[in-house]
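Okay, thanks for coming, everyone. Let me put today's model up on the screen, and then I'll walk you through it.

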Amino acid sequence: MNLVIREIEARLPHYAKGPIVKGFGRGSTELGFPTANFSEEVIDNLPQELVGGIYFGFAKVDEGPVFDMVMSVGYNPFYNNEKRAMETHIIHKFEGDLYGKMLSVIMVGYLRAEANYDSMEKLVQAIENDIDNGKKLNLEDKFAKFKNDQFFFSN
């Protein structure tokens with residue numbers, strides 16, 4: 001295991017909470033994977049070791065149930081973003097938008113580094129693989145226990 005991955009894993013799990021803000025608007029419209037985005041204030045509290053990449057874990061909106069999630073942290077090279085983002089894809093179909101609702105997440109593991117893709121189709125395929133891998137890993141005991149973490153059930 002390389003040094004960067006060891007440094008990332010040493011900072012996990014990472015807990016984050018904040019209101020959902022409007023993102024770039026591409027997750028659901030262009031890609032078909034809606035994301036719940038954190039404000040810059042929450043992003044600024046990310047440990048520097050949690051470099052750009054795809055993470056997995058669990059998420060909760062307001063007082064709802066806890067769902068699996070995958071999260072992109074970084075600048076999204078496919079879109080050449082200039083601002084760092086934390087874009088959470090909650091693996092659940094919500095009705096309506098989630099802006100202003102409280103998002104709580106626990107990032108429990110790291111899937112892969114950020115990557116650039118030469119087509120939208122390859123990016124979509126990578127996201128689908130990330131979702132499948134995140135869901136499988138969340139079933140492992142060392143990660144599954146976080147679904148019932150007190151963080152999700154205390155104010």
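So, to start: in which strand does H14 lie? H14 lies in strand β1, where helices (H or I, at least four residues) and strands (E, at least two) are DSSP runs, numbered from the N terminus. Before I go on, some housekeeping. This is a predicted model, with local features needing pLDDT of at least 70 and side-chain atom pairs counting only at pLDDT 80 or more, while totals for chains, interfaces and linings use all residues. Residues are numbered from 1 along each chain as its sequence is written, and side-chain values use heavy atoms, leaving out hydrogens and water.

Back to H14, then. Is H14 buried or exposed? H14 is buried, at 12% relative accessible area; buried means under 20%, exposed over 50%, and partly exposed in between, with a 1.4 Å probe and protein chains only. Leaving aside residues up to four places away in sequence, H14 touches N45, L46, P47, L50, V105, I106 and M107, a contact being heavy atoms within 4.5 Å.

Now the whole chain. We've got five helices and six strands, and from the N terminus they run α-β-α-β-α-β-β-β-β-α-α. Of the 155 residues, 45% count as buried. Take contacts between residues at least 6 apart in sequence: 71% of those join residues at least 24 apart.

On to the sheet. The six strands make an open sheet, ordered β1-β6-β3-β4-β5-β2, with antiparallel pairing; two strands pair if DSSP finds at least two bridges between them. β1 and β2 (36–37) are at the edges with a single partner strand each, so one side of each has no neighbour in the sheet. Further in, strand β4 (residues 66–74) pairs antiparallel with strand β5 (residues 85–90) over six bridges, and M71 stands opposite T88 in β5. Packing on this sheet is helix α4 (residues 120–138), which touches β3, β4, β5 and β6. The direction of α4 makes about 105° with that of β6; axes here are lines fitted to C-alpha atoms, for helices over the stretch in contact, and angles run from 0 to 180 degrees between N-to-C directions.

Last stop, β6 itself. How many of the 12 residues in strand β6 (residues 102–113) are buried? Nine, so to speak mostly covered. On one flank, β1 (residues 14–19) pairs antiparallel with β6 over six bridges, with Y15 opposite I106. Strand β3 (residues 53–61) is joined to β6 by nine bridges, also antiparallel, and there K60 stands opposite S104.
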